[in-house]
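This report covers the salt bridges of the structure shown below.

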Amino acid sequence: MSAALADVLHSAAGRWRRIDPLLPDPKPPADAGCGAELAVPAANGRIAAVGWCRHHELRPEAAELAWGAATQFWLTAQVAGDPAEPGIGAGLDELLVCWRAHLAAEPATAGKGTQAAVRWPSRDIGGVRALLRHGLQPLTVIAARSAGRAVPDATPVPGGLRIRPACPGDVAAVTALTLEVIRFDQHFGSVLLHPHAERVERQAAEQVLSLPEPWTWLAERDGRPVGLLVAEPPDRAGWIASATRQDPVAYLATLSVLPDERGSGVGTALVAGLHRVLDAAGVAVTLLHHAQLNPLSAPFWSRMGYRPLWTSWETRPARALR
């Protein structure tokens, strides 16, 4: 690693520690992406900002297609500076200009089924105006809950709510409730319901429910499934563990409540039950994704003890980046 790059990462690390103790230390991506390292020089001869572009092509009918375009371009951006300095926005702005030029030269960005995206720390507000200026929208949040964070007790639910671990015989119910989340979040631009979604989600449910500990729970009223929670323990959540400096990490993958049951306490009861399991297991932090523009998500997850950690800023197609 060059001294100039180390200076940028050191400066960004200091800023991140001051604004959010859950953030990890910044570092280059583990893969080289497309091999292009974008750098913005500073007036003092150092580097003001550096970025790496990763090109990601999803296979046809991949489950991840529900949450992103088939061809994705992700920028890992690191900007030097203090939270109080105006240079954060200027450095990121110039970096995004470099990235736009890079994407314009890539033939794969020409299609409609593409997206350009930046994952930026939610509390690093100095970069927000630059992201907006370049046509990026905040669509998805990674929210975090630290261990032991108090949440409301489950609201009494009339009619008798039963929460139980899901088993292999519950594939149909888990699939249907998962699709309910995708259908609802379509309204907010962060997901798409593809024609093959039901088959893909059924296969995923079969795989999870075949595990010795699926970490999947159903809420039932009078024998009817009305809510679902799916989580991943630390040994299955390694794919997202680098999003925070704390360890071990669990991931809350799905929370679904049928429309006629929303607001009745089903979601609160499911999440409160999971938190008891997590805290007893010594999980340091739990992460989840939710749609930024979903008017139900942010208030609910805040009540459950979660707060924004990272925000994904996106534009589709990729060449819509300004």
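## Salt bridges overall

Across the whole structure, a search finds 15 salt bridges, a salt bridge being a side-chain nitrogen of Lys or Arg within 4 Å of a carboxyl oxygen of Asp or Glu. The model is predicted: local features need pLDDT of at least 70, side-chain atom pairs count only at pLDDT 80 or more, and totals for chains, interfaces and linings use all residues. Residues are numbered from 1 along each chain as its sequence is written, and side-chain values use heavy atoms, with hydrogens and water left out.

## Asp20 and Arg307

Asp20 and Arg307 form a salt bridge through their side chains, at 2.6 Å from N to O. The two residues are 287 apart: Asp20 sits in the loop between helix 1 (3–19) and strand 1 (37–41), and Arg307 in strand 11 (residues 307–315). Helices (H or I, at least four residues) and strands (E, at least two) are DSSP runs, numbered from the N terminus.

Both Asp20 and Arg307 are buried. Buried means under 20% relative accessible area, exposed over 50%, and partly exposed in between (1.4 Å probe, protein chains only).

## Asp93 and Arg133

A salt bridge also joins the side chains of Asp93 and Arg133 (3.4 Å, N to O). Asp93 belongs to helix 2 (residues 87–104) and Arg133 to helix 3 (residues 128–133), so the pair ties together parts 40 residues apart in sequence. Arg133 is partly exposed, because its relative accessibility is 45%.

## Asp260 and Arg224

The closest N and O atoms of Asp260 and Arg224 are 3.3 Å apart in their salt bridge. Asp260 is exposed at 54% relative accessibility, and Arg224 is partly exposed at 39%.
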